[in-house]
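Here's a walk through one protein model, from its core out to its loops. Have the 3D view open while you read.

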Amino acid sequence: MNKSKILFERAKKRIPGGVNSPVRAFKAVKGDPPFIKEARGCWMIDEDGNKILDLIGSWGPMIIGHAHPSIIQAIQETAQKGTSFGTPTRGEVFFAEELCSAHPALDMVRLCSSGTEATMHAIRLARGFTQRDHIVKIDGCYHGAHDSMLVKAGSGVATFAAPGSPGIPADVAKLTLTAPFNNLEVIQEQLSKYDVAAVILEAVPGNMGCIIPKENYLSDLLSLCRSHGTLLIVDEVMTGFRLARGGACEYYNIKPDLVCLGKIVGGGLPLAAFGGREEVMSCLSPKGAVYQAGTLSGNPLAVAAGRATLELLTPEFYDRLNATSEKIDKKIRPLVEAKDLSMNRVGSMFTIFFRADAPTCFQEVLECDFEAFGRFHALALEERLYFPPSQYEAVFLSASIEDSDIEFFAAGIESALSQM
Ligand code: PLP
């Protein structure tokens, strides 16, 4: 990894920590990050020419695999006609229609450019609609890097051992109440004690590692919110179009008030969305008074990539992806359990936990052996497996994984675990 190391040293002089998003750095594990120069299907090639099996898929978006010809073609054809106009375009209308017909909770949708923006705006909208200020978020869930959500957040925030972040005014943080995942009692108390605008959560958290919701947790949470006039926001930035075409809401048969989408919907370009019930979405400017805007929102290139992606996400696609995920599970779970470790998987998302019992909430994730995870990560990279560089993250599989890749994957894990 000589070229990557040299680039990382250069990067650190001009980019804080050498990366443009903290989780890309390998601070929580051993070694330095490989710099990737290209990728195709489920394989990435780094600057030194190493071919590495990609298990993060750009942290979720690349469900189809890298550089799919029809997505590349859609981007190229659109770029020929201009890349941004700052006016309404035909593509975004069709895209909004496609999103609303795919997702059970969407009557209307607004496009933006990142998952952070989507959750930030959904929260403002919930506050504007309910005329209430408090929000309940779940410990270990991550909803992007904006002030009100960096409270007991997972992902990079947890990885770098900060309960939140300096720079967030106490007056803002105090409006964010937190509760454990898979537990309704704490939320019930909070909803009774405070006027809560919304509860926001990842239906299947991926940002404290992959955690499985207990039976009826999500539907009971929705009923609880309804009984207090509180909106439920399901952040599907990771799970949207991953667990099913209609995301976790289709998978678990729930219809929240608002949902946030990102990652897969942009086909690898910066695009996200939030949407939900017409009554709530109608409060958004210019129809309503709650302000939200973005110069590049609904950017034609991102919309073209998103539409080309959605076209490929057929029922047969999900059958194949889920069959691949099950095959991987069958191969890997016995290896993991033989070492007294555990694994949680929902569809094509999974995490190996360095703890004997699979965790059900953030508190239990904190009991993992993080030092052992760090050693495993380095050994796995030597086997050319690119696992997410933190115990608080999930693997995202793509449908481009072939049987031979599964053999490579399982052999690599077996070798890494045997050396620990
Ligand atoms: N919500 C969830 C569930 C996420 O996993 C992420 C990012 O990983 C975000 C929101 C923020 O999205 P973005 O990084 O596009 O701002």
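## The nonpolar cores

Keep in mind that this is a predicted model. The largest nonpolar core takes in 69 residues. Leu99, Ile187, Leu201, Phe241 and Leu313 are the ones with the most contacts inside that core.

As background, nonpolar side chains tend to be buried together in soluble globular proteins.

## Around the ligand

Now over to the ligand.

For Thr116, an N or O atom of the side chain is 2.6 Å from an oxygen atom of the ligand. Asn207 puts a polar side-chain atom 2.9 Å from a ligand oxygen, and a polar side-chain atom of Lys263 also lies 2.9 Å from an oxygen atom of the ligand. On its own the ligand would expose 390 Å², and the protein buries 81% of that.

Why is strand β10 described as largely enclosed by the rest of the structure? Strand β10 covers residues 272–276, and five of its five residues are buried, so the rest of the structure largely encloses it. In a regular strand, side chains alternate between the two faces of the sheet. On β10, Ala272, Phe274 and Gly276 point one way, while Ala273 and Gly275 point the other way, and all of them are buried.

Two strands pair with β10. Strand β4 (residues 108–112) runs antiparallel to β10 and is joined to it by five bridges; here Leu111 has Ala273 as its bridge partner. Strand β9 (residues 258–261) is antiparallel to β10 too, with four bridges, and Val259 sits opposite Gly275.

## The β11-β12-β14 sheet

Next up is an open sheet of three strands, in the order β11-β12-β14, with antiparallel pairing. Strands β11 and β14 (395–396) are at the edges with a single partner strand each, so one side of each has no neighbour in the sheet.

Is β11 mostly covered or mostly uncovered? Strand β11 (residues 342–346) is mostly covered, with five of its five residues buried. That goes for both faces: Ser342, Asn344 and Val346 are buried on one side, and Met343 and Arg345 are buried on the other.

β11 is joined to strand β12 (residues 349–353) by five bridges, and the two run antiparallel. Within this pairing, Val346 stands opposite Met349, and Arg345 faces Phe350. The hairpin of β11 and β12 has two residues between the strands, and Gly347 in that hairpin has a positive phi near 55 degrees.

## The four-stranded sheet

Another open sheet has four strands, ordered β1-β2-β3-β13, and its pairing is mixed. Its edges are β1 (36–40) and β13 (385–386); each has a single partner strand, so one side of each is left without a neighbour in the sheet. Four bridges link β1 with strand β2 (residues 43–46) in the antiparallel sense. Look there for Arg40, which stands opposite Trp43 in β2.

A few loop positions are worth a look. The peptide bond from Ser285 to Pro286 is cis, with omega near 5 degrees. Pro286 belongs to the loop between α10 (278–281) and α11 (300–312).

Then there are two asparagines. Asn216 isn't a glycine, yet has a positive phi of about 70 degrees. Asn216 lies in the loop between β7 (196–201) and α8 (217–227) and is partly exposed, at a relative accessible area of 45%. Asn253, again not a glycine, has a positive phi of about 55 degrees. You'll find Asn253 in the loop between α9 (247–252) and β9, where Asn253 is exposed, with a relative accessible area of 69%.

Conventions
Residues numbered from 1 in each chain as written. Predicted model: local features only at pLDDT ≥ 70, side-chain atom pairs only at ≥ 80, totals over all residues. Heavy atoms only, no water. Pairing = 2+ DSSP bridges. Buried < 20%, exposed > 50% of the residue type's maximum accessible area, 1.4 Å probe, protein only. Core = buried A, V, L, I, M, F, W, Y, C linked by side-chain atoms within 4.5 Å. Polar contact = N/O pair within 3.5 Å; in protein donor to acceptor, adjacent residues only side chain to side chain. Areas by Shrake-Rupley, 256 points an atom, 1.4 Å probe, with all protein chains shown as cover.
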